[in-house]
Protein chains: 2
Amino acid sequence: MTSLALIEAAAERLRGHARHTPLLSSPFLDEIAGRPVFVKPECLQHTGSFKFRGGWSAVSALEPETRMRGVIAYSSGNHAQGVAAAAKGHGIPAVIIMPEDAPALKIANTRALGAEVVLYDRANESREEIGARLAEERGLTLIRPYDEPQVIAGQGTTGLEIAAQAAEAGVTEADVMVCCGGGGLTSGIALALDAKAPGLKVRPVEPEGFDDVTRSLATGQIQSNPSMAGGLCDAILTPAPGDITFPIMHRLCGLGIVVSDEEALRAMAQAFLRLKLVAEPGGAVALAAALYHGAESDAPAVIAVISGGNVDPAIFARALGALDV
Amino acid sequence: MTSLALIEAAAERLRGHARHTPLLSSPFLDEIAGRPVFVKPECLQHTGSFKFRGGWSAVSALEPETRMRGVIAYSSGNHAQGVAAAAKGHGIPAVIIMPEDAPALKIANTRALGAEVVLYDRANESREEIGARLAEERGLTLIRPYDEPQVIAGQGTTGLEIAAQAAEAGVTEADVMVCCGGGGLTSGIALALDAKAPGLKVRPVEPEGFDDVTRSLATGQIQSNPSMAGGLCDAILTPAPGDITFPIMHRLCGLGIVVSDEEALRAMAQAFLRLKLVAEPGGAVALAAALYHGAESDAPAVIAVISGGNVDPAIFARALGALDV
C-alpha cells in the first residue's frame, strides 16, 4: 500500500536524479481561467514526462540481485522512456513492449535510451500477457505503468513538490488538475497532498471517449473504456483505472473532468504562447480543464500538471493552428 | 560602472519577483555537441525572456518620486515586455516605443501588460531620438535596453544563477554561449561569472549579417551592422555594441560565434524535441553555437542560454519543419 512514507522514501532515492520542476504562471492564463492558475511542468522532467519519477523509484527500490537481471515494461511511450532511462542510469538491461501505433518519436527515443523495444498490436493483443511471458522467460522484473506501489510513490513526489511550491506561493486552497490515465500520477499526488496540503484537492482529467476514471469515480466502481483506439491523447489512454490506484482516487479525489481533443489542442497552444512549454495532447488535458472548465470547479485557484511533452511535430503544428495571433 | 556588488544588489531586489530558472540537459543534445551541454532557459522567465530581470532591476532601482512619474523604453519586443511587466508590478505607467515590424504577438503582449505602445519605422526613424523626446515631454525615465548599469546588473543575475548551478552540476570549466544583441545579457553574465566562476568563459553568439559584437571583439573597436532590416532573429538585432557593454565584453569574453538562420531554426527544433522548450530564433542562437559550432570551442562542456521564447506560431512551425522525425 502506497503511503506518505513510501513517497518520501522515493523522494530520497530520486534526489539528484529527477528534476525538481518549477511552478509557473502567467497573467494571461489567469485571465482565461478567471482565477490564479499555476502550472507544474513535468514536460521538463527527464525523458519529457513525469514517468521518469516512477521508473526511477521502481528500479531503485529493487533488490540489487533482482535489479541486475533487468526490467521490462509495457507502455504507450512515456513510461517506456522513464523505465529505459532509469534502467540506463542503474546500468541494467530494459525490454520495453510498445504499441505499433505509438508516436515514432517515442519508439525512437526509447531505443536511443538503450532499451530493447518489442512492438505489439494495441487492438488485438494484450500487452499484459506479452509482458508476463517475457518477464518469466528472461528473469526480468515487470515494472507496471501505474498499478505498482513504488511507481505510485515515485509519481507522488510530484505532489510533495506541489505542496511546498503552493505554500511558498501562498496558495492554501486549490483544485489540482491532473492528467489521468491509469491513475498512477493522480493517486500519488493525491496521497502526497492529503498529507501535506489538505486544502489542495486533486481532480482527475481525461479526454472525451476515454473517461473511465471519471465514470468510475461517479459510480464508485471500476469502469472500462469501450474502445482503446483512435485517441489524440495517446499518453493517457488506458483500459480502466487500476486495482491499487482506484481506491486511492475514490477516497481522496474530487470529481473527474472530461475535456475534448480540441480543448487539449487549445491548451497546448496556450502553453506554447504563455509559458514557452511544449505539451503533448494527453499532457495538456489538465491545463485544458483549468482554462476551459472553470464552471466545474469552485476553488479560488487552480494548479494544473502538464504531465508530458513528447509530441510529434505535426501534431504540435496542428495545435499552433488553434491560435489566432 | 556595473560591478559584482551591483549585480548582487539587483538579485536581492529581484528575489520573489523574477523566476530562478532551472539548468536543463539532455543526453541527445550531448551527443550532437560531443560534450556535455547545459541549457539555461530564460524563455521560462516572466514575459518569456531574460529582459524581465533588467526591467525589474532598473525600475526597482529608481528613487520612488522619480519612479512614480513612469518609465519609457524602446525595444524590438522583449525589453518592452520586461519593462512593461516591471512597471505594472510597481504600479507605475510605462510607454514603450516599438518598431512597426515587431512580431504582432510582442506588440499585443506589451499592450496587454498595461503599457502605452508607440510604433516607429525601424529603417527611417531613430528610436533613441523618439525616446528622448517623449521622456522629456512627460517626465518619464528612459530605461535603455542594454547600455544602462542597472539593466546590465539585472541581466547579470542570470550569471549568478549559472555559477551556482554549474558548481552543483560539477562543471567548473565551460564555454557559456550567450545570445548577444547590444550586450546587456552578455556583459552582465560575464561580470558575474568572472567573480563567481572564473572557469566559465562567456562567448557572445550572433546571427549572420548582424555580427557587430563579433567583429568589434576581433578588432578591439566598436563596429556597426551595415543593415538593421530583414533578420529572422529580431530579438537580438541592434546597431552596435554599447559604450558600457563593449568594454566589459572586450575585457572578459572569448571570441564571438556567428550562426546562420538555418542553424538557429534547427536549434529551436532541438529545444522543442529534447527540452520541451519554446525558443525564439534570436533566443536559440546560443544553443545553435553549442550544437553546431563545436570546432570553435575547446572547452570540455558548454552552457547555452536560451534568452527568450516569444515567437510567432508560423515561424515556430517553420522550425519544426527542420526536424526529420
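## Nonpolar core

In this predicted model, the largest nonpolar core has 223 residues, and the members that touch the most others are Ala286(A), Leu287(A), Ala286(B) and Leu287(B). In soluble globular proteins, nonpolar side chains tend to be buried together.

Leu287(B) shows what such contacts look like in chain B. Leaving aside residues up to four places away in sequence, Leu287(B) touches Val39(B), Ala267(B), Gln270(B), Ala271(B), Ala279(B), Ala304(B) and Ile306(B).

## Two chains and their axis

Chain A is superposed on chain B by a rotation of 180° with 0.0 Å of shift along the axis, and the RMSD is 0.0 Å. This is the relation of a two-fold axis. The residue of chain A that comes closest to the rotation axis is Leu277(A), whose C-alpha lies at 2.5 Å.

The contact between the chains takes 23 residues from chain A and 23 residues from chain B. On the side of chain A that touches chain B, α6 (104-112) and α14 (313-320) of chain A each supply at least two residues. By class, this side of chain A consists of 18 nonpolar, two polar and three charged residues. The copies meet through the same surface, because 100% of the interface residues of chain A are also interface residues in chain B.

## Two domains in chain A

The domain assignment divides chain A into domain 1 (4-50 + 149-320) and domain 2 (52-142). Between the C-alpha centres of domain 1 and domain 2 of chain A the distance is 23 Å.

Where the two domains of chain A meet, 26 residues of domain 1 are in contact with 22 residues of domain 2. The elements giving two or more residues to the domain 1 side of this contact are α1 and α8 (149-168) of chain A. The largest share of that side, seven residues, comes from α8(A). By class, the domain 1 side has 10 nonpolar, 13 polar and three charged residues.

## An open parallel sheet

Four strands of chain A form an open sheet in the order β4-β3-β2-β5, with parallel pairing. At its edges stand β4 (116-120) and β5 (141-142) of chain A; each has a single partner strand, so one side of each is left without a neighbour in the sheet.

Strands of a sheet pair through backbone hydrogen bonds, either parallel or antiparallel. Strand β3 (residues 94-99) of chain A runs parallel to β4(A), and five bridges join the two. Within this pairing, Val95(A) stands opposite Glu116(A) in β4(A).

## Helix α10 and its surroundings

Helix α10 of chain A covers residues 212-219, and its buried residues are Asp212(A), Val213(A), Thr214(A), Ser216(A) and Leu217(A). Among the elements of chain A that cover the buried residues of α10(A) are β7 (200-207), α11 (245-252) and β8 (257-259). After α10(A) comes Gly220(A), which has a positive phi, near 80°.

Glu12(A) is placed in helix α1 (residues 4-14) of chain A. Is Glu12(A) buried or exposed? Glu12(A) counts as exposed because its C-beta has 10 neighbours inside 10 Å, and the cut-off for exposed is 12 or fewer. Glu12(A) and Leu113(A) are 101 residues apart along the chain, and their C-alpha atoms are separated by 24 Å.

Notes. Residues are numbered from 1 along each chain as its sequence is written. Chains are lettered from A and ligands numbered from 1 in the order in which they are written. This is a predicted model: local features need pLDDT of at least 70, side-chain atom pairs count only at pLDDT 80 or more; totals for chains, interfaces and linings use all residues. A residue is buried if 20 or more other C-beta atoms lie within 10 Å of its own, exposed if 12 or fewer, and partly exposed in between; C-beta atoms are placed from the backbone. Two residues are in contact if their C-beta atoms, placed from the backbone, lie within 7 Å. Ala, Val, Leu, Ile, Met, Phe, Trp, Tyr, Cys and Pro count as nonpolar, Asp, Glu, Lys and Arg as charged, and the others, Gly among them, as polar. Domain bounds come from an automatic or database domain assignment. Copies are superposed by least squares on the C-alpha atoms of residues with pLDDT of at least 70 in both. Two strands pair if DSSP finds at least two bridges between them. A nonpolar core is a set of buried Ala, Val, Leu, Ile, Met, Phe, Trp, Tyr and Cys residues joined through C-beta atoms within 7 Å.
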